[in-house]
Amino acid sequence: MTTDTDASTDWLLDDGLAPQSDGDPMAPLYDGAARGELVLPFCIGCDCPLDLEQQVCDRCGSFEKAWRSTELVGTVHSSTLMHRLETGLVRTTTPYPIVDVELAGGHRLIMTTIDPTSTAPRIGDAVIVGFRTLGGVSIPAARIIAAPLDTEARS
Ligand SMILES: [Zn+2]
């Protein structure tokens, strides 16, 4: 076992699970992430945000999409804690969050956090999108800015 202090080593997954950019339909996403940009598909016909694997626009029926840079901010739409022990694939041995982020640009994107944590963020928490590096490939990840609690519990 090695320690995870090396910044080039992802905290969550083994490098072998890195996406292969050659011929991957998500290549624009990974190419953008390498530049620190969040590049996602929009409909060419009506400019509405499309899901990553969406082939046809729900609104106008267009089959054409354009990948464009979008804002690196959003909010937590939903979140859950994954309990998964899978030696050789998953590095962490503690539960980790999976967060469905509603982005300011209208997309929804599922990601984990930039830094290891065993706490799921709360719905409505603010998210700044950053990137993890997995096997040399940059992939979007969330930095959670916790919303203020309704009842402050300061000591
Ligand atoms: Zn459309």
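These notebook entries record what I looked up in the structure.

**Entry 1. Basis**

I am working with a predicted model, in which local features need pLDDT of at least 70 and side-chain atom pairs count only at pLDDT 80 or more, whereas totals for chains, interfaces and linings use all residues. Residues are numbered from 1 along each chain as its sequence is written, and side-chain values use heavy atoms, with hydrogens and water left out.

**Entry 2. Overall layout**

I began with the secondary structure and found one helix and seven strands. Helices (H or I, at least four residues) and strands (E, at least two) are DSSP runs, numbered from the N terminus. Along the sequence the pattern reads α-β-β-β-β-β-β-β. The C-alpha atoms fill a box of roughly 50 × 45 × 25 Å along the principal axes. Of the 155 residues, 34% are buried; buried means under 20% relative accessible area, exposed over 50%, and partly exposed in between, with a 1.4 Å probe and protein chains only. I then took the contacts (heavy atoms within 4.5 Å). Among those between residues at least 6 apart in sequence, 56% join residues at least 24 apart.

**Entry 3. Zinc site**

Which atoms coordinate the zinc ion? I found C43 (SG), C46 (SG), C57 (SG) and C60 (SG), at 2.3 Å. Donors are N, O and S atoms within 2.8 Å of the metal (3.2 Å for Na, K and Ca), and water is not among the atoms, so sites may look incomplete. The angles among the four donor atoms run from 98 to 116°, and the site is tetrahedral. Four donors count as tetrahedral if all angles lie between 85 and 135 degrees. For reference, the ideal angle for four tetrahedral donors is 109.5 degrees. In sequence the donor residues are spaced C-x2-C-x10-C-x2-C.

C43 is buried, with a relative accessible area of 2%, whereas C46 is partly exposed at 23%.

D47 has a positive phi of about 70° although it is not a glycine. Most residues other than glycine have a negative phi. D47 counts as partly exposed because its relative accessibility is 43%.

D51 lies in the loop between β1 and β2 and is partly exposed, at 47% relative accessibility. Its C-alpha atom is separated by 7.1 Å from that of P41, ten residues apart along the chain.

Q55 has its place in the loop between β1 and β2. Is Q55 buried or exposed? Q55 has a relative accessible area of 55%, so it is exposed. Leaving out residues up to four places away in sequence, Q55 touches S62 and F63. Q55 and C43 are twelve residues apart in sequence and 9.6 Å apart in space, C-alpha to C-alpha.

**Entry 4. Helix α1**

In α1 I noted A27, L29, Y30, G32 and A33 as buried. The buried residues of this helix pack against β1 (38–43), β2 (65–70), β6 and β7. G32 counts as buried because its relative accessibility is 0%. Not counting residues up to four places away in sequence, G32 touches E37 and V39. The C-alpha atoms of G32 and I110, 78 residues apart along the chain, are separated by 17 Å. After α1 comes G36, whose phi is positive, near 80°.

**Entry 5. Largest pocket**

I recorded about 450 Å³ of space in the largest pocket. Of the 21 residues that line it, the closest to its centre are I110, M111, T112, R132 and I139. On a 1 Å grid over the protein atoms alone, a pocket is an open set of points where a 1.4 Å probe fits, with protein on both sides within 12 Å along at least five of seven lines; lining residues have an atom within 4 Å of a point. The volume is the space filled by probe spheres set on the points, which are joined across faces, edges and corners.

At least two lining residues come from each of α1 (27–34), β4 (96–103), β5 (108–111), β6 (126–134) and β7 (137–145). β5 gives the most, with three residues. By class, the lining has 17 nonpolar, one polar and three charged residues. Ala, Val, Leu, Ile, Met, Phe, Trp, Tyr, Cys and Pro count as nonpolar, Asp, Glu, Lys and Arg as charged, and the others, Gly among them, as polar.

**Entry 6. D125**

D125 has its place in the loop between β5 and β6. D125 is buried, with a relative accessible area of 3%. Leaving aside neighbours within four places in sequence, D125 is in contact with G74, T75, V76, I144, I145, A146 and A147.

How values were computed: Four donors count as tetrahedral if all angles lie between 85 and 135 degrees; four count as square planar and six as octahedral if opposite donors are over 155 degrees apart and all others between 65 and 115; anything else is irregular.
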